[in-house]
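Reader: I am new to this structure and should like to learn how to read its features. May we go through them in turn?

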Amino acid sequence: MNKIHHRRIWQLSFILLGLALAMLCILYGLRQNVNLYFTPTQLKAQAPGIVTEDKTIKIGGLVARHSIHRALGSLSVKFFITDGGASYPVHYRGVLPDLFREGQGVVVEGHLMPDGLFQADRVLAKHDENYAPPGIKEKINRATKEAKHAA
Amino acid sequence: MLPEVGLLAIIMALILALFQGGWLLTSSRGGSSLNLPYLAVGHWLFLAMGFVALMLSFLFNDFSVNYIAENSNRYLPWYYRLAATWGGHDGSMLLWIFMLGTWGMAFLTFAKSVPLIWRCRTVAILALVNVCMLFFMLFTSNPFQRSLPLFPSNGMDLNPLLQDPGLVIHPPILYAGYVGSGVAFAMAIALLLYPDKGLPWARWLRPWVTSAWCFLTLGILLGSWWAYHVLGWGGYWFWDPVENVSLLPWLAATALLHCLIVCDKRQTFYSFGLFLALVTFLLSLLGTFLVRSGMLVSVHAFANDPKRGAVLLALLGVVSGIALLIYSIRGIHWQSHSPFAFLSRETALLANNILLLLGSLVLLVGILYPMIMMIIGHGEVTVGPAYYNQVFLPLLAPFLLFMLLAPSLSWKNAQLIWKSASLYFLIAAGLTFFISRHNNSDVLTIMGVLLSLWLLFCVLHLLVKTHTRQLPMLISHMGIAVVIFSVAFNSMSSIEKDVALKPGENVVVGQYHFTFEKLVPVDASNYRGMKAQIKVTENKGAKIWRLEPQVQRFIANGMLKSEPSINDNLWQDFYVTLGENLGNDAWSMRIYIKPMMNGLWLGGLLVALGGLLALFRRREPELQRSTS
């Protein structure tokens, strides 16, 4: 153990300590600020436990066919978001993205009300019309397969 | 015919790149029979040939090529057809590879002060990186793949959102920045393989890192400008993974840029400088690959083949593994221990480099966390802007403080401008109080306004007082101050409102009346649409601004796109996005009033301009090496 070794060990432990401290702060910040992301089926399975009214969550799914309702001349819109399995009613007030339409993959961000209505603060559709939110494609494939088996 | 020529050229380029690798192996064992400059020129010429072949195929509408059929269309104007070359995955990989070759070529030709052997080593290592990329492209995403004998008579069209002048130049410039950091990477590897402490390598690298950094700055700025002008959400930065991923190498490159100054002038921090050179390029690779892999949950993400993603990440793993392994074995030769005072420019620069790396770490964790959670089966999460606002932005406070200090500290020992600095602080504090009184603001934005103003005054002070050598640096720093001030001020006092309007109706937003006058149909070569004519008037006063937001339906694929309309009166933008017909003649619209947006763009340009000026600055005579 010469002087350089000593010095290196000190430097290294100093760097590691700093890194650990930084990671701790980062993970703390992360813990408070992640938004949970669900497909409607996952949400139905987990909702009672995890999701409360004051928690911002995201749901990814498709806009259900024939489900878009809007009061004539008003900004309020209601539609169902689905993944072939479960579906949730969504209420939103504002301008919808360009690619929003029936059958299109969207992600809604907002709060789940106690009565099961999802109050959306933001509705996102991707730039790409072939886009399906994560987990949705597989789920729809599975759902159609199951439906075929049942038939 | 043309696509085959292109493919052949790319294969030739790959072979020549392999030969360059061979040169690297043989030359270290005393002389090689291969002539590297010839190989490098050939490599670059073949890459250029391949790239031009793809561009021409786009221009001539060769829809038998899969990639062209997927990304172009007969009715697309010719300039968008050319730009569609990099509109999808395969073509942007080719662009990336071509850029890497071009940087290598430029380094070989123009870096006259670097001894030929070091130029050759650097270029050969760049070629080896290109070998990996070429293999990847040829086997998983060959842009020249044909679908003969049955092929479509017309293409599926370029994604309408990409049909914008901003996006025509955004990818090449951003990629030029990403790939440009490869020069520093390759030279760092070469220096680690053949250590020689006496070389002025930091001086050699500075202009190359600076130019890559300029491209990166411009690329990010353009991306942000594009998002603001095209997406219609009134935002310029969404803390979206795809955006963050481009900020990562920028932060690292900024750190590298400053570290190289210390390496050059003080002959210290060598080991750290080499580390940063490696990290910057690896983060650039990470950026390209993550975006291309389709593993990011992002609003900008395009549907992608996940199999490619796995290969890309494996490739990234291999390249970074090798690079960091070489560093961990050889980096020790580059340790340097020049003493410097506690209150000196070195300390301030080192502190800021650490803050920049810390910022990168924060971004990286935010980007990777959702992917890691998904892989270990902990459910899906997304990391929102709140995380970045709470963890990343506070880092800016100490960062700005050191930015204030560093230029006024001399090398090695302290010599401050405390008196004037404290005077400026008082002025900045007064102004901040005045500004934030009228607006709803939180601690973070107030800090932002205060510190950026303070920095701005100090920089202006130095601009007047010091000699011109520091001009580029001061301009860039001024740009940063202007950007941060604009962002903070903008977030304090932006107004956003969703409304439903019928023709003839008006709505009051802030101090302005927005009147929806009438709706006009629009007819263009590749889309049809509607245009709303909107008049903006002041509460009192006769000034009038006009806005014409559109909705467009693209003929080729029926995609809808709304084109926001923006009118600026220097200090604030009026921004309207047209939504949809709500029935009863009413249309949904989103109205924004966004102050200081011009300040933001101007600040960003100043940052890049500083870099540009630094490139054309006269080099100071080399320091006597014996004195160090």
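Predicted model: local features only at pLDDT ≥ 70, side-chain atom pairs only at ≥ 80, totals over all residues.

Reader: How should one think of the side chains along a strand?

Author: As a general idea, side chains in a regular strand alternate between the two faces of the sheet.

Reader: Which strand of chain B is joined to strand β1 (residues 34-38) of chain A?

Author: The partner is strand β1 (residues 380-383) of chain B; the two run antiparallel and are joined by four bridges. Within this pairing, V34(A) has V383(B) as its bridge partner. β1(A) also pairs with strand β2 (residues 57-63) of chain A, in the parallel sense and over three bridges. There, the bridge partner of F38(A) is I59(A).

Reader: How many helices and strands does chain A have?

Author: Chain A has three helices and seven strands. Along the sequence they follow the pattern α-β-α-β-β-β-β-β-β-α. Of the 151 residues of this chain, 32% count as buried. As for contacts in chain A between residues at least 6 apart in sequence, 55% of them join residues at least 24 apart.

Reader: Into which domains is chain B divided?

Author: The division gives domain 1 (1-158) and domain 2 (495-597). The centres of these two domains of chain B, taken over C-alpha atoms, are separated by 43 Å. Where the domains meet, six residues of domain 1 of chain B are in contact with six residues of domain 2 of chain B. On the domain 1 side, the touching residues comprise four nonpolar, one polar and one charged.

Reader: How can the length of a helix such as α9 of chain B be checked?

Author: One compares an expected span with the distance between the ends. Helix α9 (residues 241-266) of chain B has 26 residues and, at 1.5 Å a residue, should span 38 Å; its end C-alpha atoms are 37 Å apart, which agrees.

Reader: Is α9(B) mostly covered or mostly uncovered?

Author: α9(B) is mostly covered, with 23 of its 26 residues buried. Just after this helix, Q267(B) takes a positive phi of about 50°.

Reader: Why does T445(B) count as buried?

Author: The idea is to count C-beta neighbours, and a residue is buried if 20 or more other C-beta atoms lie within 10 Å of its own. T445(B) has 22 C-beta neighbours inside 10 Å, and therefore counts as buried. T445(B) is found in helix α16 (residues 443-465) of chain B.

Reader: With which residues is T445(B) in contact, leaving aside its neighbours within four places in sequence?

Author: On that basis, T445(B) is in contact with A488(B), S491(B) and M492(B). A separate distance concerns T432(B), which is 13 residues from T445(B) along the chain: the C-alpha atoms of these two residues are separated by 10.0 Å.

Terms used:
Residues numbered from 1 in each chain as written. Chains lettered and ligands numbered in written order. Buried ≥ 20, exposed ≤ 12 C-beta atoms within 10 Å, placed from the backbone. Contact = placed C-beta atoms within 7 Å. Domains from an automatic or database assignment. Nonpolar A, V, L, I, M, F, W, Y, C, P; charged D, E, K, R; others polar. Expected span 1.5 Å × (residues − 1). Pairing = 2+ DSSP bridges.
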